[in-house]
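Me: I would like to learn how to read helix packing and sheet layout from a model. Please go through it step by step.

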Amino acid sequence: MLVRPQRKHGPKAEMNVVPYIDVMLVLLVIFMVTAPMLVQGVNIELPKVAAEALPTENERKLLTLSVKTDGSFYWNLGSEIDIEQQQDSAVELAEMRAKVESLIAEHGDAQVYVRADEAADYGRVVAAIAELQRGGVVNLGLITEAPDTMATGAGRP
């Protein structure tokens, strides 16, 4: 009959952290060597003159396209965002695209902002954005407005 020797010690469930310490030390050395290289530069002395910055000409026009609740469109072209004025309007997408495309072609690189009534059909707004894209608009932004009740905190449960 074979008798197995009794183990004096049970299995160890400890994690060997020596390899992790080695890796951390290697990384520390690498970072210590490379950090001074990142801040190297060339010192130069710029001439000291009394000059003012050149004025920038902001020739870029802003076209604000609004989508009404009934799905019709109106827009205004100017040097700033204006949601109150109405320069032109259209009911159909194709008509809006043709008119806006001619405005964009006439005024060059114009920034277009789209705003929609809260109750406007989302599909209509997306269709308008797609038509603007087909018409050559490359700079497009969306205008949103926070409702008064959320700004003041009223109306919250």
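Reply: A crossing is left-handed if the near helix is turned anticlockwise from the far one by less than a right angle, and right-handed if clockwise. This is a predicted model, where local features need pLDDT of at least 70, side-chain atom pairs count only at pLDDT 80 or more, and totals for chains, interfaces and linings use all residues. Residues are numbered from 1 along each chain as its sequence is written, and side-chain values use heavy atoms, with hydrogens and water left out.

Me: Which hand does the crossing of α2 and α3 have?

Reply: The crossing of α2 and α3 is right-handed. Contact means heavy atoms within 4.5 Å. The contact is made by Leu93, Met96, Arg97 and Val100 of α2 and Arg124, Ala127, Ala128, Glu131, Leu132 and Arg134 of α3.

Me: What is the order of the strands in the open sheet?

Reply: Two strands pair if DSSP finds at least two bridges between them. Helices (H or I, at least four residues) and strands (E, at least two) are DSSP runs, numbered from the N terminus. Here the order is β3-β2-β1-β4-β5, an open sheet of five strands with mixed pairing. At the edges are β3 (88–90) and β5 (140–142), each with a single partner strand, so one side of each has no neighbour in the sheet. β2 (residues 73–78) and β3 pair in the antiparallel sense over three bridges, and phenylalanine 73 stands opposite alanine 90 in β3.

Me: Is glutamine 111 buried or exposed?

Reply: Buried means under 20% relative accessible area, exposed over 50%, partly exposed in between (1.4 Å probe, protein chains only). Glutamine 111, in strand β4 (residues 111–116), has 12% and is buried.
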